[in-house]
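Hi,

Here is the model I promised to pass on. Have a look at it first, and my notes follow below.

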Amino acid sequence: MSSLNEPRRKTRIVEGLGFSLLRLVTLVTVLPILGLVAYIIFMGAPSFSWQFLTAAPSNGMREGGILPAIIGTLYLTLGTALFSVPLGVAAGIYIAEYAQDNRLTRLIRIAIINLAGIPSVVYGLFGLGLFVLFLKFGTSILAASLTLSIMTLPVIISTTEEALRSVPNSFRVVSTSLGATRWQTIWKVILPQGLPGIITGIILGLERAAGETAPILFTGATFFLPELPTSVMDSTMALPYHIFVISTQIPGMPIKIQYGTVLVLLIFVLGMNLVATIIRSRARAKRQW
Amino acid sequence: MKENRMAPKKQIGDTVITSIIKVCGYSSILFVGLILVFLLKEGLPALKDVPITSLFSIRWYPIEGLFGILPLIFGTLLVTISATLIALPFGLGTAIFISEVAPRWIKEILKPIVEILAGIPSVVLGFIGILVIVPFFRKFLDLPTGLTAFTGAVLLGLIAIPTIVSVAEDALNTVPPGYRQAGLALGATRWQTIWGVTVPAAKTGILTAVMLGIGRALGETMAVMMVTGNAPVLPSGLNAIFEPVRTMTATIASEMGEVATGSQHYQVLFLIGILLFLLSLVINITASAVSTKQRKRAERILS
């Protein structure tokens, strides 16, 4: 009897040990993330003040606030949205609703996959070559936004496609049978159904653009500006680049300002993340199909 | 009657919008093409102006006209491979735990946390790297400096983990429940089913996850640049991992701001960009080819 149960007991022990190991590995992966965020909040919160958020840096960045960097990141994110949202959503609609399964569509898919994989610093080189030098935009908000847009495109295209594909086919059939044209069906029926998914994708794409440094290094970011940019042809300060500057280029930088700046960017980026998550889960709860 | 008058207008509107959407659909091909064209335009002249022997030498010292890219390639390989080795057990372990072991409520907590990590900008991780991880490693490992390839690999591993977790978890989720039930029905424990049935069934998806993770680590710029010490030297021995290095991405990011447009140095930096572009191309096309093949096979088996 016991000899029969012996191997059985052994596998049970192995299973228990294995599951514990997986739990441990997951904990070791997840805890540092929470620790990191908590630590930045803890270290950065004390530097928050009205002045920190609304004043320009002074005394070689060692005093004052970070307003120009906050505004710059807002401008760049908005600029990116302006180009990448219409283009990306339209491209997503094309792939989900129009494209046939042929060689051209496969080529488009490969192109999207590659756009998603190109290193961000290579986007920076491309932006420098095309927008800054060839089209003579100079290092400007315009050049940086365009560079970030192209980097953001694949995220928006893929999530739009996914959102539209998940709308059941019966919606299309019913709408067409009521006499609607293909575009009317898409505009009035399919897009509204897929909207939460599309918005989630847009926010996640813009979140990434807002936090990127490498693509704007040589296309639009600048070390320090005494005044806010007044046109799209001006270069701008931006939070991610500012963090890089104050953590590597300026000796004797007060640690409080460093953590404060990092916290502002983190709130900006994770705030967008949170909004996307909420939109997604609410839409999922409301969905009737 | 009214309907009839409206119809042609509607049709024209439809055609116009359809063509606009089509053009947008093709735009990704255009952009990949443009990126390649402009990298080649700025970078290819380097092959003509800079002697090949100089390019493939072991010294990167642009001020004296020495453009040996081997130390940079080596730096990228060293950091990327170590990062992958660090990220793999944690990424795959977490993916398996989320998909196969964790109860539903734990899943709902874990997934957003991994997404948070994916959302943290790399410059923030680099910042924490400089202020927290670098001093810690210097003390803990008793090194002359904490700015080493190892520090970079740890941060890069952290950056690659969300990619690996989400793609691998997707792959595990697409394994039909019947596979697991069959495993359990044959008397295997859940642990045996995971390793004997579920993971092997998802292995191409997991391979895709690993490749995309490698791609993510390879292209990462800011975090690596901030913590690896920026030393473009070839390794002297096995302990190179605990010495400063310089990756290809970091070289472009840290030097492009200071070079004169069109100079040899400028061209070589673009040449490095071309190399990175081609590397990511190979990795991504392979990854997607692997997963398409798998999907087709799965469709055949299940139909």
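Before the notes, one definition: I call two residues in contact if their C-beta atoms, placed from the backbone, lie within 7 Å. On that basis, the contact between the two chains takes 68 residues from chain A and 68 residues from chain B. On the side of chain B that touches chain A, helix α1 (residues 2-43) of chain B gives the most, with 21 residues. By class, that side of chain B has 42 nonpolar, 19 polar and seven charged residues. (Ala, Val, Leu, Ile, Met, Phe, Trp, Tyr, Cys and Pro count as nonpolar, Asp, Glu, Lys and Arg as charged, and the others, Gly among them, as polar.)

Two housekeeping points. This is a predicted model, in which local features need pLDDT of at least 70 and side-chain atom pairs count only at pLDDT 80 or more, while totals for chains, interfaces and linings use all residues. Residues are numbered from 1 along each chain as its sequence is written, and chains are lettered from A and ligands numbered from 1 in the order in which they are written.

Now chain by chain. Helices (H or I, at least four residues) and strands (E, at least two) are DSSP runs, numbered from the N terminus. Chain A has eleven helices and two strands, and from the N terminus on its elements go α-α-β-β-α-α-α-α-α-α-α-α-α. Its radius of gyration is 24 Å, well over the 19 Å that the globule rule gives for 289 residues, so chain A is more spread out than a compact globule. (That radius is taken over C-alpha atoms, and the rule is 2.2 Å times the number of residues to the power 0.38.) Along the principal axes, the C-alpha atoms of chain A fill a box of roughly 75 × 70 × 35 Å.

Chain A is also divided into domain 1 (2-47) and domain 2 (51-286), with bounds that come from an automatic or database domain assignment. Taken over C-alpha atoms, the centres of these two domains of chain A are 35 Å apart. Where the domains touch, seven residues of domain 1 of chain A are in contact with eight residues of domain 2 of chain A. The domain 1 side of that contact in chain A has five nonpolar, two polar and no charged residues.

Chain B comes to 13 helices and two strands. The box for the C-alpha atoms of chain B, along the principal axes, is roughly 75 × 65 × 35 Å.

On to helix packing. Two packed helices are described by the angle between their axes and the distance between the axes. Axes are lines fitted to C-alpha atoms, for helices over the stretch in contact, and angles run from 0 to 180 degrees between N-to-C directions. A crossing is left-handed if the near helix is turned anticlockwise from the far one by less than a right angle, and right-handed if clockwise.

Between the chains, helix α10 (residues 239-248) of chain A and helix α6 (residues 122-140) of chain B have axes that come within 9 Å and cross at roughly 15°. α10(A) and α6(B) are therefore roughly parallel to each other (angles under 35 degrees count as roughly parallel, over 145 as roughly antiparallel, 65 to 115 as roughly perpendicular and the rest as oblique). The crossing of α10(A) past α6(B) is left-handed. A:Pro240, A:Ile243, A:Phe244 and A:Ser247 from α10(A) make the contact with B:Val123, B:Val124, B:Phe127 and B:Ile130 from α6(B). That contact of α10(A) with α6(B) has seven nonpolar, one polar and no charged residues.

Within chain A, helix α3 (residues 67-98) and helix α6 (residues 141-165) pack at about 35° with axes 6 Å apart, and α3(A) passes α6(A) in a right-handed crossing.

Cheers
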